[in-house]
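Here are some exercises to work through with the structure open beside you. Try each task before you read its solution.

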Amino acid sequence: MFELSLSLAQLRSASFLQQLVENDGLNQFVLSQQSLISTQKITGSANTTMELPQTATTHKLVTFTEGLNLQQLQELEQRLSSIISIAKWHVVQVAGVAGFACVAQVVLLNQNDAKVALELVATQLSIEICLIDKVPSLSAPGLLLMDMDSTVIACECIDDIASLAGVGPEVSAVTAEAMQGKLDFAQSLRTRVACLTNADQGILQQVRDGLPLMPGVSNLVRVLKQYNWKLAIASGGFTYFADYLAQRLELDAAVANKLEIVDGKLTGKVDGDIVDAQVKAQTLLALAERWAIPQEQTIAMGDGANDLVMMAAASLGVALHAKPIVRQQADISIRRGGLDALLWVLAA
């Protein structure tokens with residue numbers, strides 16, 4: 001056992017923890033008051049271990065944020081002491097992803113209050129906390145199905161189209177209610193698209209040219225493809241953007257709504273059936289069947305109420321920068337980080 005006595009400054013220092021991990025090889029450790037006890041010598045060889053009872057049903061608590069420090073981990077342990085029992089921490093790194101995550105092996109003491117407590121502590125400490133039971137394996141082929149607007153891209157395309165068409169406030173009001181689950185999605189989409197009647201199709205090109213990718217999405221796609229994963233978009237948005245993003249990011253499929261255009265003008269109608277919550281879920285099942293991917297290797301990621309059915313159909317439902325109603329029902333949440341933070345969860 002290798003013990004380090006820590007000053008308050010070291011506890012609060014993200015660079016100190018980063019040095020221990022990246023330069024000194026810190027792997028497994030326990031925090032005790034103002035000491036860090038490594039269950040592996042920082043120079044390498046194992047000395048002792050601390051395990052939870054074999055009879056206990058264990059989960060993993062994955063913690064990460066930019067600037068993670070030991071004090072945050074220490075406070076997390078204290079504030080969640082009535083909810084979880086932590087045996088030890090270990091560090092997770094993924095090739096191609098900057099930084100690292102800390103993962104605790106835990107036993108749930110109060111499952112009913114766990115999600116509420118985790119949400120509160122994550123907000124108070126400005127860290128990401130994901131409590132997981134079993135998750136898809138990074139090393140086996142899988143399927144990640146993503147929403148498009150505010151997930152793959154950091155905008156809502158229909159709001160940007162509406163702004164250029166001069167009907168921004170009307171459309172944004174309907175979009176907000178739909179994302180909060182207060183309106184039926186199909187009806188709300190038709191209402192918003194109707195506001196675009198007679199808009200010039202050239203504004204679609206303007207919006208597409210300025211699409212901002214969500215941080216981490218390109219890296220997530222690149223790394224998952226190295227592990228033979230399939231990646232796709234299922235969007236309540238529009239094919240004009242989804243098909244473009246699928247080509248740009250080299251995704252395997254994209255499903256979205258098609259805007260009807262006649263003589264260079266938007267008609268205010270959607271061509272064909274609406275891609276709603278049920279269609280998104282059906283898309284996940286159909287793609288998994290097409291590529292012979294078992295259900296336990298499927299992930300659905302989104303930010304709105306319209307993504308919840310898709311998330312429930314997947315083995316792991318991920319809320320990304322999502323509304324509270326979505327975070328409450330998703331399996332895990334990424335509140336602030338980039339999409340590639342998901343890789344730490346899969347590698348945990």
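**Exercise 1. Find the residues that leucine 144 is in contact with, leaving aside its neighbours within four places in sequence.**

Step 1. In this predicted model, select leucine 144 and look for contacts beyond four places in sequence: they are Leu220, Leu224, Trp229, Lys230, Leu231, Ala232, Ile299, Met301 and Leu342.

Step 2. As background, nonpolar side chains tend to be buried together in soluble globular proteins.

**Exercise 2. Work out which way the side chains of strand E8 point and which strands E8 pairs with.**

Step 1. Go along strand E8 (residues 143-146): Leu143 and Leu145 point one way, while Leu144 and Met146 point the other way. All four are buried.

Step 2. Check one partner. Strand E12 (residues 298-302) pairs with E8 in the parallel sense over 4 bridges, and leucine 145 stands opposite alanine 300 there.

Step 3. Check another partner. Strand E9 (residues 230-238) also pairs with E8 in the parallel sense, over 4 bridges; here leucine 145 stands opposite alanine 232.

**Exercise 3. Is serine 38 buried or exposed, and what does serine 38 touch?**

Step 1. Locate serine 38 in strand E3 (residues 35-38).

Step 2. Apply the cut-off: buried means under 20% relative accessible area. Serine 38 has 0% relative accessibility, so it counts as buried.

Step 3. List the contacts, not counting residues up to four places away in sequence: Met1, Phe2, Leu26, Gln28 and Phe29. A polar atom of the serine 38 side chain lies 3.4 Å from the backbone oxygen of glutamine 28.

**Exercise 4. Show which salt bridges tie together parts of the chain that are apart in sequence.**

Step 1. Begin with the count: the model has 9 salt bridges.

Step 2. Take arginine 335 and glutamate 119, whose closest N and O atoms are 3.2 Å apart. Arginine 335 lies in the loop between strand E14 (332-334) and helix H14 (342-347), and glutamate 119 lies in helix H4 (residues 114-125), so the pair ties together parts 216 residues apart in sequence. Arginine 335 is buried, at 14% relative accessible area. Both residues belong to a network of salt bridges that links Glu119, Glu128, Arg327 and Arg335.

Step 3. Turn to lysine 265 and aspartate 200, which meet at 4.0 Å, N to O. Lysine 265 is in strand E11 (residues 265-271) and aspartate 200 in the loop between helix H7 (185-194) and helix H8 (202-209), so parts 65 residues apart are tied together. Lysine 265 is partly exposed at 36%, and aspartate 200 is partly exposed at 40%.

Step 4. Finish with lysine 225 and aspartate 252, at 3.5 Å, N to O. Lysine 225 is in helix H9 (residues 217-226) and aspartate 252 in the loop between helix H10 (239-249) and strand E10 (253-262), 27 residues apart. Lysine 225 is partly exposed at 28%, as is aspartate 252 at 29%.

Technical notes:
Residues are numbered from 1 along each chain as its sequence is written. This is a predicted model: local features need pLDDT of at least 70, side-chain atom pairs count only at pLDDT 80 or more; totals for chains, interfaces and linings use all residues. Side-chain values use heavy atoms; hydrogens and water are left out. Helices (H or I, at least four residues) and strands (E, at least two) are DSSP runs, numbered from the N terminus. Buried means under 20% relative accessible area, exposed over 50%, partly exposed in between (1.4 Å probe, protein chains only). A polar contact is a pair of N or O atoms within 3.5 Å; within protein, one must be able to donate a hydrogen and the other to accept it, and residues adjacent in sequence count only if both atoms are side-chain atoms. Contact means heavy atoms within 4.5 Å. A salt bridge is a side-chain nitrogen of Lys or Arg within 4 Å of a carboxyl oxygen of Asp or Glu. Two strands pair if DSSP finds at least two bridges between them.
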